Amino acid sequence: MKLSRRRFSHYILGAPIAAAATTGMLGTLLVDGRAIAAEGSATAPKPSPLAKLLSGENPDLSRDERQAIRRDVAQLEGALKEIRDFPLANNVPPAFGFQAMKSKRPRGSRR
C-alpha cells in the first residue's frame, strides 16, 4: 500500500483519537501515564467537549470505560497544551527541509 500525503495527514490527525480509544494500552505505552498524571495533580481536569463526544460515541461502553476515555483525552490534551505553549523563536530552523518532487505527469497535461 502506497502512503500518500492525505493518508499520512489522516494518521497524524487521528492519532489522539486512536490513543484515547485504546485506553487499556495507553497506560502501558506511556509508562503508566495515569500514575504520572496522578502524581502531578491531585484534582482531575474537567472533561473537554471532545472527551464528552468521544466517550458518548459508543452506547455499549460501561461507565468506567467512559470515564477512562474522558481521563485519557484530558491527559492527551494537557500534553498537547504543553507542547503548544513551548516558546520557540522565529530564528529556529525547521527540523527538516522541504524538497518538492518532480511531477510524473507530462508537462502541460491536465486532469
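The side chain of S55 makes a polar contact with the side chain of R70 at 3.1 Å; a polar contact is a pair of N or O atoms within 3.5 Å, where, within protein, one atom must be able to donate a hydrogen and the other to accept it, and residues adjacent in sequence count only if both atoms are side-chain atoms. The structure is a predicted model, in which local features need pLDDT of at least 70 and side-chain atom pairs count only at pLDDT 80 or more, while totals for chains, interfaces and linings use all residues. Residues are numbered from 1 along each chain as its sequence is written, and side-chain values use heavy atoms, with hydrogens and water left out.

S55 is found in helix α4, residues 49-56; helices (H or I, at least four residues) and strands (E, at least two) are DSSP runs, numbered from the N terminus. With a relative accessible area of 1%, S55 is buried, a word used for values under 20%, whereas exposed means over 50% and partly exposed lies in between (1.4 Å probe, protein chains only). Leaving aside residues up to four places away in sequence, S55 touches L61, R66, I69 and R70, where contact means heavy atoms within 4.5 Å.

I69 is found in α5 and is buried, with a relative accessible area of 10%. The C-alpha atoms of I69 and A51 are separated by 6.9 Å, although the two residues are 18 apart along the chain. Helix α5 covers residues 63-84, and its 22 residues reach 32 Å from the first C-alpha to the last, close to the expected 32 Å; the expected span is 1.5 Å times one less than the number of residues.

F86 lies in the segment after α5 and is exposed, with a relative accessible area of 58%. Together, F86, L88 and V92 make a nonpolar surface patch of about 330 Å².

For the chain as a whole, there are five helices and zero strands, giving the pattern α-α-α-α-α along the sequence. Buried residues account for 14% of the 111 residues. Of the contacts between residues at least 6 apart in sequence, 47% join residues at least 24 apart.

How values were computed
Patches are made of residues with over 30% relative accessible area and no salt bridge: like charges are joined within 9 Å, nonpolar side chains (Val, Leu, Ile, Met, Phe, Trp, Tyr) within 5 Å. Accessible areas come from the Shrake-Rupley method with a 1.4 Å probe; for residues, only the protein chains shown count as cover. A salt bridge is a side-chain nitrogen of Lys or Arg within 4 Å of a carboxyl oxygen of Asp or Glu.
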